[in-house]
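Please read this briefing alongside the sequence and the coordinates.

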Amino acid sequence: MAGLSVFQKIWNDHIVANEGDRFLIYIDRHLVHEVTSPIAFRSLRERGLTVRRSDLTLATVDHNVPTTDRAKPIDDKLSAQQIEALRVNAKSNNLPLLDYQSPLQGIVHVVGPELGFVLPGVTVACGDSHTSTNGALGALGFGVGTSEIEMVLATQSLWLRKPATMLVEIRGSLRSGVTPKDVALNFIGRVGVGGCIGYAVEYGGPLVEQLSVEERMTLANLTTEAGGRTGIVSPDEKSIEFVYGKPYAPQGEEWDRAVNYWKTLKSDGDAEYDKSVDIGVSDLEPQVTWGTDPSMVCGVSERIPNPERFRDHQQRRKAEKALEYMGLKPGTRIDEINVDAVFIGSCTNARLGDLIQAARVVVGRRVSPRVKAIVVPGSQLVKRRAERLGLHRVFIEAGFEWRNSGCSLCLGMNSDRLAAGTRCVSTSNRNFENRQGFGVRTHLTSPIMAAAAALEGRFIDARELSLGNVGIGG
Amino acid sequence: MDKITKVTGVALPFAYDNVDTDQIIPAEYLKITRREGLGRHLFNNWRYLENGEPNPNFILNDQRYRNACILVAGRNFGIGSSREHAVWALADYGFKAIIAASFGDIFYENAAKNGLVCVILDDKELDTVRRAALNQPLELEVDVERLLISYSGMELRFKMDQATQNRLLTGLDDIEYTLKFYSHKIHEYEAKKPAFLGPRKVDLEGLEKAFE
Ligand code: SF4
């Protein structure tokens, strides 16, 4: 019999029951935020139920919170109402809540791993599509809608169809200035935004082994943008070390038992996959999206493509429409494009390592006077750690705004939204039309590329940068 | 949820690929705590001009398709954000079925839970249906029982996984069903769960204090 992949092992360990191709899968961790949960709680209440396992549930506020001064009340009435609704729901169901002023508040996919609430080998559900981020730890994350949030609240389980499996093996090493974000964007460009629909994607190969857990999170996070149901990396020494000592992680003997279990989860050498993809990244250059979905991407040394190059009629139309929205002409060199705003943030690229990389570009330099640039740390803990290293000073002295944590411009639900026509370089995951505000033109890049664009006021090739040192005596 | 065996009505040809849920319902309309009334904002940024007037070039504003209840879309419909609001907005507007070459996984699940029928056809078949709907408003029938689409004497078979089909046909509520038939299984499973998979009990307030 062939061996099993990490996905198959975790899946098998969580089957409560099945009816044909439909599996009742136990959910070990449920992360809840203010925007997709109120209707689920309301409906749960109408059934006369309460949360079945409040000990396996953690709530945070992130999607619509202001990132400005936390001492001030929240201006936007509807946002304030949603946050208040979560408070009431958390209280009546006895759920731990990382509230607006909590020093542990942050983006749902950042705080889960950071507090050790998510562990290797667990299943995670959350009403946000980037729950795949947790896969970097070797956990199985499922993004779900509001009906399924209610299902998890009520039963701590989900009916799921078993996804097909895909192995993405990444070979080669990354040149200086090139990051996992570039690998992921390039991959989405190749397979398309629907390329992984129906698949649980596993990342493996020599490069992935070398990456830090935080960097793996960027890869796992972006699985969603290729349509993947979930993304995962086999747990290894690095993921185990990552969890060690975190508040919610096991300790003492329990820890030893957990480690023994986690070591069994690694994909077997002879595991079979429904699909395998091999990608080499040694020649990869920094990537910049030029269109209105993450698959519309090219290298920084390339030019905006001519839609006529697409043979498929639909693709051509989509590209034409995208260029019109983006206000770009075919043939324009990427480094000739001027930018108005820069957002370093989101669950894709706002962990400590991302901020350090960006700060190394910024240190001792100034943001272009025509650029509005903000840094929104992935969590208040990330913010605090960055401040210990003095990164806030690096950013502030350069002319960046240094904010509190939240989803912010990743989805433009709070007041950080930009004005129509603004061209924004963003380290987030979606460049959809109007995502950062009505008529805003979003270009996705790595934190290094975004930082460099903030300084220059246009795109430049991050491989040409000399990086400074940060964090010494900060 | 109501049982759904058939959907019949006018088909609206919607020739866009990769329609993400941000387009179906923009984030600013997610600040609600009830699900009704979202239909007004379906495709908001495409449907209305900046001054709030209907965009005459957007097909939802074409009077001929005013009563359409079947959306004939393209590839990868409903990708992106997990917001179930996208499904609520489509349903609230009056759509009962979406035909596409493929769907975002989470959208597909959300749709089934709300009785919005998702039909998958291959590119070629989809193109044929869309063309037929383009020329004049087309009456179309989606038969969930026989997995058959029919219009103007044409018939097309489609596939649907059994679980989704059953859910539509029976109208059964997942939560009720699971609690009724599987509560004991969930208890059994939990009893076997090793303690080390925790989480550890944490005094959150104390932890927060430590970080203040
Ligand atoms: S940062 Fe963006 S993708 Fe991440 S949880 Fe928030 S809204 Fe979702």
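How many salt bridges are counted between chain B and chain A? The count is 11 salt bridges, a salt bridge being a side-chain nitrogen of Lys or Arg within 4 Å of a carboxyl oxygen of Asp or Glu. This is a predicted model, in which local features need pLDDT of at least 70 and side-chain atom pairs count only at pLDDT 80 or more, whereas totals for chains, interfaces and linings use all residues. Residues are numbered from 1 along each chain as its sequence is written, chains are lettered from A and ligands numbered from 1 in the order in which they are written, and side-chain values use heavy atoms, with hydrogens and water left out.

**Chain B**

- The secondary structure of chain B consists of eight helices and seven strands, where helices (H or I, at least four residues) and strands (E, at least two) are DSSP runs numbered from the N terminus.
- Of the 212 residues in chain B, 58% are buried, that is, under 20% relative accessible area, with exposed meaning over 50% and partly exposed in between (1.4 Å probe, protein chains only).
- Along its principal axes, the C-alpha trace of chain B spans about 65 × 45 × 30 Å.

**Chain B against chain A**

- On the chain B side 68 residues are in contact with 89 residues of chain A, contact meaning heavy atoms within 4.5 Å.
- About 6,900 Å² is buried between chain B and chain A, with carbon and sulfur atoms giving 56% of it; buried area is the accessible area (1.4 Å probe) that two parts lose on being put together, summed over both.
- B:Lys31, B:Phe196 and B:Phe211 supply 12% of the area that chain B buries against chain A, more than any other three residues.
- One of the salt bridges joins the side chains of A:Arg53 and B:Glu190, at 3.1 Å from N to O.
- The largest share of the side of chain B that touches chain A, 12 residues, comes from α7(B).

**The two domains of chain A**

- Chain A is divided into domain 1 (6-275) and domain 2 (287-464), with bounds that come from an automatic or database domain assignment.
- The contact between them takes 45 residues from domain 1 and 44 residues from domain 2 of chain A, and the area buried there is about 3,400 Å².
- One salt bridge is counted between the two domains, and A:Glu225 forms a salt bridge with A:Arg430, with the closest N and O atoms 3.0 Å apart.

**Two buried residues of chain A**

- A:Ala359 is found in helix α12 (residues 352-362) and is buried, with a relative accessible area of 0%.
- Not counting residues up to four places away in sequence, A:Ala359 touches A:Leu391, A:Val394, A:Phe395 and A:Val470.
- A:Asp461, in the segment after α15 (447-456), is buried with a relative accessible area of 12%, and its side chain makes a polar contact with the side chain of A:Arg463 (2.7 Å).

Technical notes. Polar contact = N/O pair within 3.5 Å; in protein donor to acceptor, adjacent residues only side chain to side chain.
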